[in-house]
Amino acid sequence: MSLLSKFYETSPYEGFDPSDYPSDLQGWGSDDPIFRDLIAAIRPKVIVEVGTWKGASAIHMAGITKELGLDTTIICVDTWLGSPEHFLAQQPGWRESLLLQNGFPRLYYTFLSNVIRAGFTDRIIPLANTSDNAAVILGSVGIKADLVYIDAAHEEEPAYRDFQNYWRLLSDDGVLLGDDYISWDGVTKAANRFAVDVQCPIVGKWSKFVISRNPAVRPSIAFGA
Ligand SMILES: C[S@@+](CC[C@H](N)C(=O)[O-])C[C@H]1O[C@@H](n2cnc3c(N)ncnc32)[C@H](O)[C@@H]1O
């Protein structure tokens, strides 16, 4: 995987023993049909996912790219610290998933173990940082994404900033897919505002929205309408 050398001297998976971390692919909307529709239409070389958690959506996308015979790299951006709602235990199991040890999460190791077990260490590159910092890093090493999937902050301002930062990292005909549309008020407001700002149509359904720079991959196609 040639992109790995832009970030690391050795693979982050090297020497890591997954046996302490049982398989746990819990996620949210991680296998929505929109992933297959978009990946089949775009045939991306590079996907950037912002907000990865345990890796369920990244592994799902990696499986689709493999099935379609694509040589795709998926760069996963996450602090692996969880979002406020996880730390605040807003649903059963969320805080437990962080695997806090001495007050610091070990969620990253659940992710690494899941990727190793799924056999996608050659397709998935973790980038453990804030979405703001990671956008700077990705820009500095010259990454352009054909597909960006944003599933990180749920508050309006950080979500809006993610849309701005990662839109700049899209290739000229790239597509932005976002999670939490309609289901989270802050994300919905940010996505609608952003679409107006960039003067591109937004098409959404419960929990997913698409803003496409590519007229050939219009959201109506992506949503099967
Ligand atoms: C809803 S989860 C992602 C779920 C994943 N896409 C899936 O389908 O399984 C949101 C993730 O975003 C991460 N996150 C939230 N805010 C972030 C930020 N500002 N920078 C980086 N990661 C962030 C959290 O750590 C969490 O793992």
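This report covers the cavity and the salt bridges of a predicted model.

## Basis

The model is predicted: local features need pLDDT of at least 70, side-chain atom pairs count only at pLDDT 80 or more, and totals for chains, interfaces and linings use all residues. Residues are numbered from 1 along each chain as its sequence is written, and side-chain values use heavy atoms, with hydrogens and water left out.

## The cavity

Rolling a probe the size of a water molecule over the atoms shows where empty space is left. The structure holds one cavity of 30 Å³ or more. A cavity here is a set of points, on a 1 Å grid over the protein atoms alone, where a 1.4 Å probe fits but cannot get out; lining residues have an atom within 4 Å of a point. The volume of the largest cavity is about 40 Å³, taken as the space filled by probe spheres set on the points, with grid points joined across faces, edges and corners.

I150, D151, A152, A153, A159, D162, F163, D179, D180 and V187 form the lining of the largest cavity. Six of the lining residues are nonpolar, none is polar and four are charged. Nonpolar covers Ala, Val, Leu, Ile, Met, Phe, Trp, Tyr, Cys and Pro; charged covers Asp, Glu, Lys and Arg; the others, Gly among them, are polar. Helix α7 (residues 156-167) gives the most to this lining, with three residues. Helices (H or I, at least four residues) and strands (E, at least two) are DSSP runs, numbered from the N terminus.

## Salt bridges across the chain

Eight salt bridges are present in the structure. The criterion is a side-chain nitrogen of Lys or Arg within 4 Å of a carboxyl oxygen of Asp or Glu.

D24 pairs with K54, with the closest N and O atoms 2.8 Å apart. D24 lies in the segment before α1 (33-42) and K54 in the loop between β1 (46-50) and α2 (56-67), so the pair ties together parts 30 residues apart in sequence. D24 is partly exposed at 27% relative accessible area; K54 is buried at 2%. Buried means under 20%, exposed over 50%, and partly exposed in between (1.4 Å probe, protein chains only).

E67 forms a salt bridge with R36, at 3.2 Å between the closest N and O atoms. This pair links helix α2, which holds E67, to helix α1, which holds R36, 31 residues apart. E67 is exposed at 57%, and R36 is partly exposed at 35%.

## A helical pair and a network

K189 and D185 meet in a salt bridge (3.0 Å, N to O). Both lie in helix α8 (residues 185-198), four residues apart, about one turn of the helix. K189 is partly exposed at 43% relative accessibility. Elsewhere, salt bridges link E156, E157 and R193 in a network.

Definitions and conventions: 1 Å grid on protein atoms, 1.4 Å probe; cavity = no way out; pocket = protein on both sides within 12 Å on 5 of 7 lines; lining within 4 Å.
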